[in-house]
Amino acid sequence: MSWYKQLLTLVALLVSQPFASRAEVVHIGISTPGLYELPTEIAQRKGFYREENLDARKVVIRTNLQVAALLAGELDYSTVSGLIARASIQNLPVKGVMGWFDRPLHILIAKPNFKRLTDFKGKKIGVSGLGSAPHIILREALAQAGMNPDRDVTTLAVGGSGDRLAALVAGTVDATPLDVAYVEKAEKLGLVSVIYFGDVVHTRLGGFGVSMDKIRKNPAQITRMIRASLKGVRFIRDHKPETLAIMRDYLHVSADAAVKVHDFAMRSLNPDGLVAKNTMDTEIRLAREQLKLTEEISEDKIMDWRFLKEVLAQK
């Protein structure tokens, strides 16, 4: 190699190294690996975050700790949208900035002796955290079945889908809403599906929540995160074979199960990162009921759509 080529190689190395080190580290909070946060996994694997000069790192953290982690700056983004909305309504300085699933992707899993929701009167049902998406959809489904969510069942905060499945097998709880990606595993353990919540409840799942401090201090980063994640959302719709391969690997499901999971995802997916109005209205109503609030709550109280709209306008 001539001295000139050696010099060019050295210059290229010196230029590329600082650029790589400048990638902005962002921490994304998830309660457990699952379908609800699959757009972030796809964006990570396909390099969409790197294209925005972001070093995205996912952190598994209990649902009920994610708001505190956002406020402390330990997380940059949270994917537990239901809890973020509830915290916003309670005047904590957090906001949702993006959605991606308009309906819950959970199935109520139980021991074989349970057939319908009314069978759970006096029983214990595990959720990830009080005020979380599984808790909210469970309450709504119970109410629609003519039950009182506060008196007819005991709700226990157990953790992510994996933790809840383990609690169900151990007999700590009698049932739990599980991400549809866990259904195959549950059935192999002799458990049964009682109800698919997406058929009866309109609430969102996944998306991003951030702190108001993040909105004030680093709005450009939010725009870049949304732009990259939106590519992950649309990848699910536009690249089914590769999405199925990612599902099999990441969710640890069989090829047949991956097809079923993808079908569930497509029934709920919002490819523009928005949230359907009826879904948002239901979520606000349920939060008001749970928090026993009488005043009206506007969508602006829990969502800041500026960044997503900026991204959509660029297309």
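Which residues of H6 are buried?

Modeller: The model is a predicted one. In helix H6, the buried residues are Ala133, Pro134, His135, Ile136, Ile137, Leu138, Arg139, Glu140, Ala141 and Leu142. That makes 10 of the 12 residues of H6 buried, and the helix is accordingly described as mostly covered. H6 comprises residues 133–144 and reaches 17 Å from its first C-alpha to its last, close to the 16 Å expected at 1.5 Å a residue. After H6 comes Gly146, with a positive phi near 85°.

The strands joined through this helix deserve attention next. Strand S6 (residues 124–127) and strand S7 (residues 154–157) run parallel and are joined by 4 bridges. Within this pairing, Ile125 stands opposite Thr155 in S7.

H10 spans residues 219–238, has 20 residues and reaches 29 Å from its first C-alpha to its last, close to the 28 Å expected at 1.5 Å a residue. H10 too is mostly covered, with 15 of its 20 residues buried. Arg234 belongs to helix H10. A polar atom of the Arg234 side chain lies 2.8 Å from the backbone oxygen of Pro271. Arg234 and Arg248, by comparison, are separated by 14 residues in sequence and by 18 Å in space, C-alpha to C-alpha.

The relative accessible area of Ser211 is 8%, so the residue counts as buried. Its side chain reaches the backbone nitrogen of Lys214 at 3.0 Å. Beyond the neighbours within four places in sequence, Ser211 is in contact with Leu70, Leu71, Pro93 and Val94.

The model contains 5 aromatic pairs. One of them joins Tyr196 and Phe264 in a tilted arrangement, 4.6 Å centre to centre and with 50° between the planes. Tyr196 lies in strand S9 (residues 192–196) and Phe264 in helix H12 (residues 255–268), so the pair ties together parts that are 68 residues apart in sequence. Tyr196 and Phe264 are both buried. Elsewhere, ring pairs link Tyr77, Trp100 and Phe208 into a cluster.

Asn53 is not a glycine, yet its phi is positive, at about 60°. Asn53 sits in the loop between helix H3 (48–51) and strand S2 (54–60). His252, likewise a residue other than glycine, has a positive phi near 55°. The loop that holds His252 lies between helix H11 (240–251) and H12. The relative accessibility of His252 is 63%, above the 50% cut-off, so His252 counts as exposed.

Terms used: Residues are numbered from 1 along each chain as its sequence is written. This is a predicted model: local features need pLDDT of at least 70, side-chain atom pairs count only at pLDDT 80 or more; totals for chains, interfaces and linings use all residues. Side-chain values use heavy atoms; hydrogens and water are left out. Helices (H or I, at least four residues) and strands (E, at least two) are DSSP runs, numbered from the N terminus. The expected span of a helix is 1.5 Å times one less than its number of residues. Buried means under 20% relative accessible area, exposed over 50%, partly exposed in between (1.4 Å probe, protein chains only). Rings of Phe, Tyr and Trp (its six-membered ring) pair if their centres lie within 6.5 Å; planes under 30 degrees apart count as stacked, over 60 as edge-to-face and the rest as tilted. Two strands pair if DSSP finds at least two bridges between them. A polar contact is a pair of N or O atoms within 3.5 Å; within protein, one must be able to donate a hydrogen and the other to accept it, and residues adjacent in sequence count only if both atoms are side-chain atoms. Contact means heavy atoms within 4.5 Å.
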